[in-house]
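Please look over the chain shown here before reading on. The briefing moves from the overall layout to the details.

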Amino acid sequence: YDGEIRSTDEQIGKLLEALKAEGLLDETIVVVTGDHGEEFWERGSIGHGRTLYEEVIRVPLIIRHPGLVKKPAVIREQVSLIDVMPTLFDALHVPIPAQCTGKSLLPLIAGDSREFKERPLFVETEAWNQHLEAVRTPAKKIVKKAGAKQMEMYALADDPLERRNLADAKQKRDFQALAKLLREWENTMAAYAKKKPPVVPKVDERLMQQLRSIGYAH
């Protein structure tokens, strides 16, 4: 894993050097991110796709915007990968599609965090014959197996490693508020699926072999 990180770092360096050599670096917005984290035996396994704990859902997000970011800064508010597209559209003065549920991060980068302070974010995964869902606020998070009534709740500020499940503790008001958000999100996703059923693309055998070789198909 360390070798993969080093290799990726080297390739990003080559890309940046090539942009610099062509005189394009200061005219290019660079975004570095990932689609998931990795477990390293925190929950008894290795990899990703089995859980929605922090080690899997927290990913790097680095934005280099020559015209906007004057000096390096760390943004503490939680954001989502769905924010990347509207951020780039906004930076390029392209209208953000009305159906886009993400938010432009340009106001946040400029110091205006009002829309992001208590914003809940949703995440789901379907792997290993189970469907998991979670809703996360800056302070708390609940995780649910689809169809199951039992959920887990964690106070992230006090328990960042998510070792103490508070779903049955005295914080019922917080739990109920998060559970309500999750139900509303589920209803929204179900309504959208009925309105626009997913398009199943045709996949040839060569592509299927490639997907099998990296573990994304069986």
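Predicted model: local features only at pLDDT ≥ 70, side-chain atom pairs only at ≥ 80, totals over all residues.

The protein chain has six helices and eight strands. Its C-alpha trace spans about 60 × 50 × 40 Å along the principal axes.

**Order of elements**
- Starting at the N terminus, the protein chain runs α-β-β-β-α-β-α-α-β-β-β-β-α-α.

**The four-stranded sheet**
- Four strands make up an open sheet, ordered β5-β6-β7-β8. Their pairing is antiparallel.
- Strands β5 (121–127) and β8 (151–155) are the edges, and each of them pairs on one side only.
- On average, neighbouring strands of this sheet are turned by 15° against each other, direction ignored.
- Within the sheet, β6 covers residues 130–136 and β7 covers residues 140–145. Five bridges join β6 and β7 in the antiparallel sense.
- In that pairing, L132 stands opposite K145 in β7.
- As a general point, strands of a sheet pair through backbone hydrogen bonds, either parallel or antiparallel.

**Helices**
- Helix α5, residues 172–195, lies across β5, β6, β7 and β8. Its direction is at about 55° to β7.
- Helix α1 takes up residues 2–21, which is 20 residues. From its first C-alpha to its last, α1 reaches 29 Å. That is close to the 28 Å expected at 1.5 Å a residue.
- After α1 comes G23, with a positive phi near 75°.

**The cavity**
- How many cavities of 30 Å³ or more does a search of the whole structure find? The search finds one.
- About 30 Å³ of space lies in this largest cavity.
- Its lining consists of I29, I63, H65, L68, T87, L88, A91, L106 and I109.
- Two elements, α3 (84–91) and α4 (106–109), each give two or more residues to that lining.
- Helix α3 gives the most, with three residues.
- By class, the lining of the largest cavity has seven nonpolar and two polar residues.
- In general terms, rolling a probe the size of a water molecule over the atoms shows where empty space is left.

**The second largest pocket**
- The second largest pocket holds about 270 Å³ of space.
- It is lined by 18 residues. Closest to its centre are V143, K144, Q150, M151 and E152.
- Which elements give two or more residues to the lining of this pocket? They are β6, β7, β8 and α5.
- Strand β7 supplies the largest share of the lining, three residues.
- The lining of the second largest pocket divides into eight nonpolar, four polar and six charged residues.

**Points to take away**

Key
Residues numbered from 1 in each chain as written. Heavy atoms only, no water. Pairing = 2+ DSSP bridges. Axes fitted to C-alpha atoms, helices over the stretch in contact; angles between N-to-C directions. Contact = heavy atoms within 4.5 Å. Expected span 1.5 Å × (residues − 1). 1 Å grid on protein atoms, 1.4 Å probe; cavity = no way out; pocket = protein on both sides within 12 Å on 5 of 7 lines; lining within 4 Å. Points joined across faces, edges and corners; volume = space filled by probe spheres on them. Nonpolar A, V, L, I, M, F, W, Y, C, P; charged D, E, K, R; others polar.
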